[in-house]
Amino acid sequence: MKRFSVLLAVLAGSFLFPAAAEPDNGKFLPTVEFIVPNHVYFELGGGLNFPMTFFNQGRIAMTGIGGNGYIGAGYNWSGWLFGLEYFHDQWGQGKGSYALMQNFKNNIAIFRLRRVLSQNSIHWLPSWLEIVPGAGIGVNFITTDYYPSKRAKEDDRMNSVSLFDKGANCLFYGASLELAFFLGTDMMIPFAGVDYDAFYDTSIGGGFAGFSRIYLGVRTYPLGIITDVQRHRAAKKRREEAAKEALLAAEEQKKRDEQLAEEEKRRRAEEEERLAKEEALRSQEERAKLAATWEKPAATLTASPDTDFTPDNDGIGDSVRITPGAERLELEPEHWEIEIRDPQNHGFRHWSGTGSLPESVIWDGRSDDGELTFSRNVYTVHLTVVPAEKDRQRTGMDSLTATTAIQTGILMQVIIPEKQWKIIVNTIHFDADKATFNSIPREQQEENRETLDSIARQIKLHGSVSVLIEGYANNVTNTQREDREELIPLSNERAKAIQGLLMERGLPEEMLTATGKGGANPIAAWEDRQNWWKNRRVEFIVTKNE
């Protein structure tokens, strides 16, 4: 009774919290695994047979409508169903004057290979539906009676074929398509299917015969209760994790609200301070007279090196020393901030503080989130200094600013030490939706030349290597159709164009391989639109030859 109650609870939980269907890893190839007992299945089914025809006998239906029944067993390996099955088919008498048989029977032992395509493999499918294509090969043991039709008389076929008669056994082939309905448990999975089957017969005149079936069946995993319990526990864990994430999100939102309130409070205080300062210095002549007694303060900013910065841990140009300064201030600044912005003018790295400016800060090429710079890009450094209140009143300047730029070189990111490296570049420009360079501005053409020259030099320095050129694009619609029909062909053409340009720079053809990846492996998520530019890139995988 207790076991029955547990089973009912698991089944109820499966319906309340539906998950992915029977085992399916979502990939084409199965996952390496030991034999799992709860992946063993049995099947039972039956249905309707349509009249059988012989291909070399024209379109004459040799039989009437028939029926079928079958049983089978097998193993589900990561969504691939390997099964042995026995089918019994039987037809009635053919209706036409040239039809030949009555009581035609197939006894088929067949090996079938099918693939479960669930929501794991086709994301738009509902969780309760599976598509199961398959194919099979086996042996057909035929029995039949001829009846006195015009055809039987002409062919002198007033006899019968019995089981295991000579020529009555032949190879059998089949292809099928099924729709399975996952009800939240592996204990019972009903399905409906259609197939087409063919065999080569010599017992009744020779030639290929074919027929189609429609059938209903049910598949059961005797130990599926194990999978059901695992699925129920996984669903429970997901709910608990979702609850934790919701709680953390609420806490983070509370912190953000408090920060916004604090910022609003500070803004109001600054506004009141500004109004008070304007009141104190409302006389334009007094402010001009006061400012005339002092030189205007200024911010300074330098970066070393400011070109060919390559933070790839090769010991050359791996970091930049940024030196900020503020001249002609009486007091230490109230606040300072150094911000590095990426080529799209988005914030990338940030330092800030109060009081004296630091002698220098060291930048390792990474963002606040740990993201590494791209090759051949220009990053802008901005310094903002807020003087002390007395200096602001004295000079009439609320802030001092300075800007400088840092250009990265070609980064050789280490994949395998002394063996394999990666170069990521997004400054090779093409004509819109083409793999040519005819319409881009002269500045971009010059930038292409410098980038490819630098890449060729870097590759040559590494001796005997193989280079895989991978072109990437941004999937704007986030669909497989755009990737398949537009992005992969375009990125492949662009990768091959770059291959040709590197060959012009002295790299041998046998060293280079080019391929298009389309929208695969995006650096920026589809929701992160402001960083889509990072997905439009070319990657060079450089591997030292043995």
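Is Phe 374 buried or exposed? In this predicted model, Phe 374 is buried, because its relative accessible area is 5%, and buried means under 20%. Let's start from that ring and look around.

**Ring partners**

Phe 374 has a ring partner, Trp 533. Their centres are 5.7 Å apart and their planes meet at 55 degrees, so the pair is tilted.

How many aromatic pairs does the structure hold? The count is 19. Another of these pairs is made by Phe 172 and Phe 199, and this one is stacked. Both of these residues are buried. Phe 172 lies in strand S8 (residues 169-181) and Phe 199 in strand S9 (residues 189-201), so their pairing ties together parts that are 27 residues apart in sequence. Phe 172 and Phe 199 also belong to one aromatic cluster, together with Trp 91, Phe 104 and Phe 211.

Here are the two pairs side by side:

| Pair | Centre to centre | Angle between planes | Type |
|---|---|---|---|
| Phe 172 and Phe 199 | 6.2 Å | 20 degrees | stacked |
| Phe 374 and Trp 533 | 5.7 Å | 55 degrees | tilted |

**Charges over rings**

Arg 529 has its charged end over the ring of Trp 526, 5.5 Å from the ring's centre. Over the face of Tyr 472 you'll find Arg 537, at 4.0 Å from the ring centre.

**Helix H7**

Now take a walk along helix H7, which covers residues 480-504. With 25 residues, H7 reaches 35 Å from its first C-alpha to its last, close to the expected 36 Å. Where is the kink in H7? Look at Leu 487: a kink of about 40 degrees lies there, shortly before the proline Pro 489.

Leu 487 is also one of the buried residues of H7, and others include Glu 482, Asp 483, Leu 490, Ser 491 and Ile 498. What do the buried residues of H7 pack against? Their partners are helix H6 (442-461), strand S20 (465-472), S21 and S22.

Just past the end of H7 comes Gly 506, which takes a positive phi of about 100 degrees.

Note on methods:
Residues are numbered from 1 along each chain as its sequence is written. This is a predicted model: local features need pLDDT of at least 70, side-chain atom pairs count only at pLDDT 80 or more; totals for chains, interfaces and linings use all residues. Side-chain values use heavy atoms; hydrogens and water are left out. Rings of Phe, Tyr and Trp (its six-membered ring) pair if their centres lie within 6.5 Å; planes under 30 degrees apart count as stacked, over 60 as edge-to-face and the rest as tilted. Helices (H or I, at least four residues) and strands (E, at least two) are DSSP runs, numbered from the N terminus. Buried means under 20% relative accessible area, exposed over 50%, partly exposed in between (1.4 Å probe, protein chains only). A charge sits over a ring if NZ of Lys or CZ of Arg is within 6 Å of the ring centre and within 35 degrees of the ring normal. The expected span of a helix is 1.5 Å times one less than its number of residues. The bend at a residue is the angle between axes fitted to the seven residues ending there and the seven starting there. Contact means heavy atoms within 4.5 Å.
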